[in-house]
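Here is a short report on helices, salt bridges and one surface patch. Please keep the model open while reading.

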Amino acid sequence: MFEINPTNYYRLQNSEIISENGSIPLISNSSTENGIMGFSNLNPLNKGNSITCSDTTIGAETMFYQENDFIGYSHIQHLVPKFKPFNKAIASVIISACKVSTSKQYDYGNKFNREAMNKTKIQLPTKKGKIDFDFMNRFVTDLEAHRFKELEAYLYSSNLKDYTLNDEEKQVFEQFEKGEIKFEEFEIQKLFDVSPSKAYSLNDRDILIENGKIPYVSNQSQNNGYIGWSNLTALNPSNVITLSDTWESERTIFYQNNEFIGKSHLQVMKPYDKNFQKFELFFVISSFRKAILELNYDYGTKFNRDKIKITKIQLPANNGKIDFTLMKTFISAIHKLVIKDVVLYADKKIDAKKIF
């Protein structure tokens with residue numbers, strides 16, 4: 001179904017490729033953000049309307065549809081369709097089928113490389129012995145419409161339709177834009193107790209259950225770190241930050257709103273000050289991620305607990321006192337702006353469906 005080859009990429013440093021005002025996607029080995037590491041002003045080297053996938057993972061979790069022409073990266077494979085028609089809807093079905101097919105087949109000693117991709121067999125809807133592309137398009141379109149209706153209902157029931165900034169939120173934004181906010185440096189271990197998460201000495205299959213209500217949090221870089229749910233007693237508190245001590249990047253840092261069960265190599269950051277609540281901790285996470293990126297950890301220097309503790313982050317403060325009110329107001333404003341984009345996009349999609 002696909003011609004699979006390594007993506008074409010520039011043999012340059014990331015800083016030489018990525019531009020703040022770039023428009024060409026740079027596709028990396030990430031399992032989030034559609035694999036996009038950043039954007040560039042260099043010429044794209046690979047054609048869009050195709051699929052990309054890392055060849056260093058243990059499944060198809062890095063497989064994404066690329067709508068636009070893009071720049072590749074080391075260890076990224078380019079799946080160019082040999083058939084027509086091909087579009088985002090058809091790609092989404094194929095990607096889902098690949099994820100199902102590769103689930104639990106590969107491990108760290110047996111990666112999902114190009115040879116494995118070529119040999120992977122997937123199940124697709126057919127009609128009279130041929131792939132039913134019309135059904136795939138209709139199915140994805142109908143599913144999307146259903147999901148947007150659910151989203152609209154959720155936004156109304158959760159009172160998230162209100163995305164208008166109040167005076168305090170507008171003022172904080174103006175202060176940020178004018179550079180009037182004062183920041184001070186704080187060491188993580190002065191603000192948080194950092195310790196390994198509490199875990200059960202059980203296999204995952206003895207913890208996970210289909211209808212569970214307790215999050216099972218691992219050191220993965222997606223879905224808030226969740227690998228599933230359990231009905232066992234939660235062992236770790238809510239209102240904390242979790243992150244992996246086996247990674248070299250910032251992608252595993254998440255806020256945990258609920259009590260949860262931990263997994264090996266997961267660190268828990270519990271705030272000493274009760275003023276650190278949801279929005280304030282979101283601010284910390286943003287600053288923390290920025291600090292880690294600037295430290296440039298790699299596979300040889302993992303971000304372990306000792307390094308986590310001594311990492312310094314920038315927070316709004318005056319004379320050593322953290323401005324919790326400002327952090328909460330700023331994140332509240334960001335939250336509303338994000339919700340605004342979601343609401344307007346959802347309304348546009350829902351209105352488009354109503355036309356038909």
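Is Glu169 buried or exposed? Glu169 is buried, at a relative accessible area of 3%. Buried means under 20% relative accessible area, exposed means over 50%, and partly exposed lies in between (1.4 Å probe, protein chains only).

This is a predicted model, in which local features need pLDDT of at least 70, side-chain atom pairs count only at pLDDT 80 or more, and totals for chains, interfaces and linings use all residues. Residues are numbered from 1 along each chain as its sequence is written, and side-chain values use heavy atoms, with hydrogens and water left out.

**Helix H5**

Helices (H or I, at least four residues) and strands (E, at least two) are DSSP runs, numbered from the N terminus. Helix H5 covers residues 167-178. Its twelve residues reach 16 Å from first C-alpha to last, close to the 16 Å expected at 1.5 Å a residue. The expected span is 1.5 Å times one less than the number of residues.

Glu169, Val172 and Phe173 are buried in H5. Seen down the axis of H5, these buried residues fall within an arc of 100°, so they line one face of the helix. The arc is that of the directions from the helix axis to the C-beta atoms. Asp167 and Lys178 are exposed, on the face of H5 turned away from the buried side.

Both ends of H5 have a feature to inspect. Just after H5, Gly179 has a positive phi of about 70°.

**Salt bridges**

The structure holds five salt bridges. A salt bridge is a side-chain nitrogen of Lys or Arg within 4 Å of a carboxyl oxygen of Asp or Glu. Among them are these pairs:

| Pair | N to O distance |
|---|---|
| Glu3 and Lys82 | 4.0 Å |
| Lys119 and Glu115 | 3.1 Å |
| Glu169 and Lys336 | 3.2 Å |

Glu169 pairs with Lys336. Glu169 lies in H5 and Lys336 in helix H10 (residues 324-355), so this pair ties together parts 167 residues apart in sequence. Lys336 is buried, at 14% relative accessibility.

Glu3 pairs with Lys82. Glu3 sits in strand E1 (residues 2-6), and Lys82 in the loop between strand E6 (76-81) and helix H2 (88-102), so the pair ties together parts 79 residues apart in sequence. Glu3 is partly exposed at 41% relative accessibility. Lys82 is exposed at 58%.

Lys119 and Glu115 both lie in helix H3 (residues 114-119), four residues apart, about one turn of the helix. Both Lys119 and Glu115 are exposed.

A polar atom of its side chain lies 2.8 Å from the backbone oxygen of Thr325.

Helix H8 (residues 278-295) has 18 residues. They should span 26 Å at 1.5 Å a residue, and the end C-alpha atoms are 26 Å apart, which agrees. Buried residues of H8 include Phe279, Leu281, Phe283 and Ile292.

**A nonpolar patch**

Phe135, Phe139 and Leu143 make a nonpolar surface patch of about 260 Å². Patches are made of residues with over 30% relative accessible area and no salt bridge; like charges are joined within 9 Å, nonpolar side chains (Val, Leu, Ile, Met, Phe, Trp, Tyr) within 5 Å. Phe139 is in helix H4 (residues 133-157). Phe139 is partly exposed, at 44% relative accessibility.

Note on methods. Accessible areas come from the Shrake-Rupley method with a 1.4 Å probe; for residues, only the protein chains shown count as cover. A polar contact is a pair of N or O atoms within 3.5 Å; within protein, one must be able to donate a hydrogen and the other to accept it, and residues adjacent in sequence count only if both atoms are side-chain atoms.
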